[in-house]
Amino acid sequence: MTLEEYTDRFTGMLNFDERKGYEGYIVHSERLVEFARTIRDELGYDYLSSVTGVDYLPDEQIEVVYHAYRSQGGPGLVFKVQVPRINPIVPSLVSIFPGADFQEREAWDLLGIRFEGHPNLRRILMWEGFHGHPLRKDWEEPYFEESEKPFNSRWPEGKAFRIEENKPFKKNVQYPPEFTPDGWIPEADTALYSGMVRLGAKDAGNGRSLETDQILVNLGPQHPSTHGVFRMVVSLDGEEIADLQPVLGYLHRNHEKIGERNTYLMNMPFTDRLDYLASMGNNFGYALAVEKLMGITPPERAEYIRVMMAELTRIVSHLFSIGTLLNDLGAFFTPMLYALTERELILDIFEAVSGSRMMCNYFRFGGVARDLPEGILEKVYELVTERLPRKVDELDTYLTDNEIVRTRSIGIGVLPREQAIEYSAAGPVLRASGVGYDVRRAESYSIYDRFDFDVAIRHNGDVYDRYLVRLEEIRQSLRILQQVVRDIPDGEFQTGKPQYQVRVPPGESYGRVENPKGELGFYIVSNGKPNPWRYHIRSPSFINLTAFGEMCKGHKIADVVAILGSIDIVLGEVDR
Amino acid sequence: MGDDLNGPEYQVPEELRSHITITTLDRIYNWGRRSSVWPMMFGLACCAIEMICVAASRYDFSRFGMEVMRPSPRQSDLMIVSGTVTKKMIPQIVRLYNQMPEPKYVLAMGACASGGGPFKEGYNVVSGVDKFIPVDVYVPGCPPTPQALLNGLIKLQEKIDTQSIRTVRWYKREASEPIPIPILGPDLIDPRDIPILDAKRASVVKPDVPENS
Ligand code: SF4
């Protein structure tokens, strides 16, 4: 189907986005659902990668932006819906792309966009009862100083100044003027609990039904199995899970609000703290998004360094994930110790290169912050040709055929192929379900098209296959790294002069990379000022959780822990 | 053990030195506690990963008697607040703190737990866990390196060494007060602030205009 046929069918309802620096289509909200169904069924855009909103305050408009892709690979399709800012209502796409579920809830929570037809439109990152929608451009946080950094207020007349000094209670809080604490009844989790599915009466086999009680179990936010501050409410029927709802936001650190006050470069260290096990990978995604807008590319050597760092990061993250998965399966801490020992060796390389073990802050627009120090290439060479392959084989021998690992993980938490696509799962979760979608191949970025590597893929979609995919990906990363070390050229590591304040022309861009957890995307809208107008993160851990409830149904509590471990979430990225 | 413990200048006969040591009650009590601090297994954010590294083989805090990480607050002595404290999480943190039996200590790990860190201005961020619970040791860094955390833990041991049974709060006659649990209202409400909030409202004369939405 061509563009003309499209516009014919949706006459007056579908326009090309003609703003300078923008792409895609603007769809009228009345026809949105139909349009989405058309592109999914007739054009093969079956994978909805990202949904987010933008508050165009000067135009009195809210825009919802969708990025759809084909699960076979190839470039994406961007479409948007524009609605007035006051009481914005947009039809929900959950019925067509269930993966939009959490993302629409997030847009409701943070921007106040009401998605009509959403089955469960509650706040997701903040709590029910919080005042306002924080990502609205005219919403000011309690510690508001100025709308853009650098703040002048931080250093008035040469004296250091702390914002809390002139705030009531010296705390980061603000209340609506009419608020009284006396009458306030905190909205506990009643709505959440009452919305949980019950299995209802069971036929006892003698014609009479057997009434069973529903039990609600809360796991987290402080629970050793949840890898951080994650909470799940599980509705149990006997031992069996009838329903599971993740409760998020316990680590919501307002990356996006802070990011829109920051200048472009200031956001780089913040990206480190998203998926804090893979800081270089996050840097990569953000750098790509901004470079796309600026229209620059890094020099050869920088590209190689970037790929090297990204792949080392993948190894680090997967090692950690395998370690924690084994923790969750009951092999407490011993496999973790093996994994962490290897991780430390790579962290030493990161520290030598960037000055920090975890929060590397190493990428810059148009290159990297500094060149590799002397001797590092030899170290990496030794690691990726000698030590790591041996250690990965060792892990493989210990774990893959282990009887307990196999019984605990084969056939558990199955996510079938179609569902994986529908739910916009990404990364190893998607590939373990038989979809060979890897952004490095599907829409190759940087210099990944030069390397010889395979996309790891398995077909059963269970916990075991996700573990195997990760193991295989470590091997493939080692393969890439061997080629990088062999081919890396000499030369510049940065285009042009390093700058504090970059010039970013107006427009939008979506940069995505294959991070260890899955597709990490940055959606950035620039209006030509030193700060991004919109800074949105499509986080793989967050979206992978959409399918989590489905994967758990019918299993036991102990399996939930294993399934969560196999999705491999990092809370910094889930809650942002 | 003899050398750290031997306190008062009592002359123990030569032949008994390897069996007997004479010390003060404070010393032996503190020595016991400082050598088996059980931290709570509870991570908040990025800093928690470095905490895990400290628990792993390269840095290994079991050298200080701290390897027994307890997932339950009822069994732990030390809360390592390892990461950003958010408004949504602080009620749980206070609750966990209240559930820990005394003697109990708090170590604020990293910039976030100490003062809000890079996310201080965020609308969901509590700028420092010490706004709600008392902190014994602050460890700077973002994240603090494992060495820094180890140093913080040693500092905590030094603090324990200086305490005396006679003055610590958990041997006072009256029971310690639990810390009031913050409430999630339109924004975070600290119950201790409610009187101030009320007073402030009373002092503001309401304008005649009834509505203003
Ligand atoms: S101090 Fe830094 S590393 Fe630690 S939790 Fe805060 S942002 Fe993360």
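**Close-up views of a two-chain predicted model**

**View 1. The contact between chain A and chain B.** In this predicted model, the contact takes 52 residues from chain B and 68 residues from chain A, where contact means heavy atoms within 4.5 Å. The area buried between the two chains is about 5,300 Å², and carbon and sulfur atoms give 64% of that area; buried area is the accessible area (1.4 Å probe) that two parts lose on being put together, summed over both. On the chain B side, B:Glu121, B:Tyr123 and B:Pro186 supply 17% of the area that chain B buries against chain A, more than any other three residues.

Residues are numbered from 1 along each chain as its sequence is written, and chains are lettered from A, with ligands numbered from 1, in the order in which they are written. Local features need pLDDT of at least 70 and side-chain atom pairs count only at pLDDT 80 or more, while totals for chains, interfaces and linings use all residues, and side-chain values use heavy atoms, with hydrogens and water left out.

**View 2. The five-stranded open sheet of chain A.** The strands of this sheet follow the order E1-E2-E5-E4-E3, with mixed pairing; helices (H or I, at least four residues) and strands (E, at least two) are DSSP runs, numbered from the N terminus, and two strands pair if DSSP finds at least two bridges between them. Strand E1 (14-16) and strand E3 (47-56) of chain A stand at the edges with a single partner strand each, so one side of each is left without a neighbour in the sheet. Neighbouring strands are turned by 25 degrees against each other on average, direction ignored. Three bridges join E1(A) to the antiparallel strand E2 (residues 25-27) of chain A, and A:Leu14 stands opposite A:Val27 in E2(A).

**View 3. Two helices lying across the five-stranded sheet.** Helix H2 (residues 32-41) of chain A lies across E1, E2, strand E4 (61-69) and strand E5 (77-84) of chain A, and runs at about 175 degrees to E5(A); axes are lines fitted to C-alpha atoms, for helices over the stretch in contact, and angles run from 0 to 180 degrees between N-to-C directions. Helix H3 (residues 101-111) of chain A lies across E3 and E4 of chain A, running at about 10 degrees to E3(A).

**View 4. The three-stranded open sheet of chain A.** Here the order is E15-E16-E17 and the pairing is antiparallel, with strand E15 (507-515) and strand E17 (534-538) of chain A as the edge strands, each pairing on one side only. The twist averages 10 degrees from one strand to the next. Nine bridges join E15(A) to strand E16 (residues 518-526) of chain A, and A:Glu514 stands opposite A:Glu519 in E16(A). Helix H7 (residues 279-294) of chain A packs on this sheet, touching E15, E16 and E17 of chain A, and its direction makes about 150 degrees with that of E15(A).

**View 5. A helix pair in chain B.** Helix H2 (residues 25-34) of chain B and helix H6 (residues 146-161) of chain B pack at an angle of about 160 degrees, with their axes 9 Å apart. H2(B) and H6(B) are therefore roughly antiparallel to each other, given that angles under 35 degrees count as roughly parallel, over 145 as roughly antiparallel, 65 to 115 as roughly perpendicular and the rest as oblique. B:Asn30, B:Arg33 and B:Arg34 in H2(B) meet B:Gln157, B:Ile160 and B:Asp161 in H6(B).
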